[in-house]
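Reader: I am new to this structure. Please give me a close look at one part of it, and keep it brisk.

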Amino acid sequence: MSNYLTTPAIESCLAWLNGNYPSITQLIRLPELSVEGRVTRALRIRSAGGGDRNGVLLVGGTHARELIPPDMLASFALRLCWAYTNGTGLTFGGKAWSSTDIRLAVDGLDIFIVPLINPDGRTHVQTPAPTGYRWWRKNRSFNADGSRGTDLNRNYDFLWQWIIGQTSASPSSDVYHGSAPFSEPETRNVRWLLDTYRNITCFVDLHSYSELILYPWGDDNSQTTDTSQTFQNAAWDGLRGVGGSGYAEYIPAGDRTKFADRGVKVRNAIAAVRGRAYTVEPSFDLYGTSGGSSDYTYSRYFLRRGQRKIWGYVFETNSTGPNNDWQYGFQPPYGDALQVIDEVQSGLVQFLLTCVCVVREVAIRRLTVEQIDELRLFRDEELSKRRRGQRWVALLDAYGDEVLVLLASNKRLWRDAEAIVADAADVVLRRGEREPPRFERDLAARIGRIVTELEKRATPELRRALADVRRDVKTLVGKTAREAIR
Ligand SMILES: [Zn+2]
């Protein structure tokens with residue numbers, strides 16, 4: 001494990017990046033010191049411009065012995081900054097991301113990277129025995145019974161007290177959930193980022209090992225029909241995560257599709273590098289947990305007014321290798337780790353692109369931030385509640401990143417799209433007026449023309465979706481926004 005970055009080296013990387021790329025990075029000192037008094041920092045990457053972009057939070061090093069993710073995130077930050085600044089793409093094995101892809105991510109997002117959220121744990125792992133312990137998992141807090149450490153990925157405030165599945169109330173356990181939800185400074189630092197940067201809508205907690213892309217829920221199986229079976233309903237307390245209780249955690253069908261589809265995109269971007277096939281599944285399919293990071297981040301939407309939905313994932317990078325060895329899973333030789341680092345970074349570029357709001361990017365030069373927020377509200381409060389509207393929202397979720405890249409690769413297309421979005425937005429934004437505007441034939445024709453252009457360059461899946469759009473648009477002519485979604 002000699003080549004892995006030490007805790008101070010990761011700190012230095014962040015400072016170096018900020019020193020070398022001051023115009024697109026910012027160092028954020030997280031408010032809480034670790035138990036042993038270490039400072040944790042986030043690096044924020046974003047080009048100059050509005051603060052209304054979607055935010056993405058990437059966290060590594062939660063589990064101390066899982067050495068790959070912090071190195072991966074530090075190098076990811078470097079590669080992003082380098083490629084953006086030089087106007088180049090990034091190539092990982094068999095997968096090439098273009099300079100346009102990188103530009104869209106850095107211009108369209110607020111990217112928060114915390115390579116090492118648990119600096120005490122990593123330091124302990126990298127300290128020779130008998131003082132240190134190479135396979136330490138938790139942080140280094142002091143427990144009442146004299147043992148040390150809380151499993152940070154059981155310490156979040158999501159069904160915390162219910163000790164579900166691979167979770168323990170015993171302080172000496174490797175999956176000890178702590179003395180209270182958010183009892184640990186490290187998890188409070190993550191919460192602080194989410195509370196402070198309210199534009200964060202995407203989250204990945206990076207771990208090793210198993211080659212998985214996990215999404216909520218982790219407390220039990222999921223279902224999309226019975227809205228009374230939720231973590232908020234006390235009638236089911238104690239019955240979650242237990243086989244045969246009849247319980248399954250509710251998730252809106254559209255959310256489940258979006259979580260899974262996005263996961264598949266990331267998986268494909270990983271596989272393109274050197275053929276490793278990650279599995280995309282709800283966390284519970286691995287094992288049940290309470291107090292996990294991705295469940296917590298996603299659950300906030302259901303608990304807080306005005307909280308935007310956070311698409312929270314856990315990635316498990318690396319395999320157990322040719323000899324099915326768990327030690328290899330946590331700490332492979334560095335040469336092998338570098339290959340994992342490449343493939344996961346490719347997955348993260350894809351993940352970033354799915355987090356960019358295509359409407360915001362195309363509208364930002366013609367509409368105000370407030371108007372874009374109103375469009376977002378229209379999507380969530382009106383469009384998403386109608387069957388036809390849901391189809392359009394799903395379409396944008398599924399193909400937004402591909403459309404964005406196609407538009408951004410051609411200046412004329414981009415200008416046309418800007419004008420179309422501005423005119424369509426006008427119909428939507430003024431829908432409450434006494435004489436609301438209608439979709440004009442000319443606007444429909446212009447949309448038809450841009451669809452034709454996109455079809456020439458689209459993947460077969462997108463081409464099929466565009467055919468639907470073409471049909472739909474014809475039916476809009478002469479209607480107001482409210483008539484159109486009826
Ligand atoms: Zn882990």
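Author: Contact here means heavy atoms within 4.5 Å. The model is predicted: local features need pLDDT of at least 70, side-chain atom pairs count only at pLDDT 80 or more, and totals for chains, interfaces and linings use all residues. Residues are numbered from 1 along each chain, and side-chain values use heavy atoms, without hydrogens and water.

Start with Tyr-156. Tyr-156 sits in the loop between helix H4 (119-126) and helix H5 (185-196); helices are DSSP runs of H or I, at least four residues, numbered from the N terminus. Its relative accessibility is 3%, so Tyr-156 counts as buried (under 20% relative accessible area, 1.4 Å probe, protein chains only). Beyond its neighbours within four places in sequence, Tyr-156 is in contact with Phe-182, Thr-187, Val-190, Gly-291, Gly-292, Ser-293 and Tyr-296. Ala-180 is 24 residues from Tyr-156 in sequence, and their C-alpha atoms are 9.0 Å apart.

Look at H12. Its Leu-404, Leu-406, Leu-407 and Ala-408 meet Leu-413, Trp-414 and Ala-417 of H13. The two axes come within 6 Å and cross at roughly 120° (lines fitted to C-alpha atoms over the stretch in contact, angles from 0 to 180 degrees between N-to-C directions).

How values were computed
Helices (H or I, at least four residues) and strands (E, at least two) are DSSP runs, numbered from the N terminus. Buried means under 20% relative accessible area, exposed over 50%, partly exposed in between (1.4 Å probe, protein chains only).
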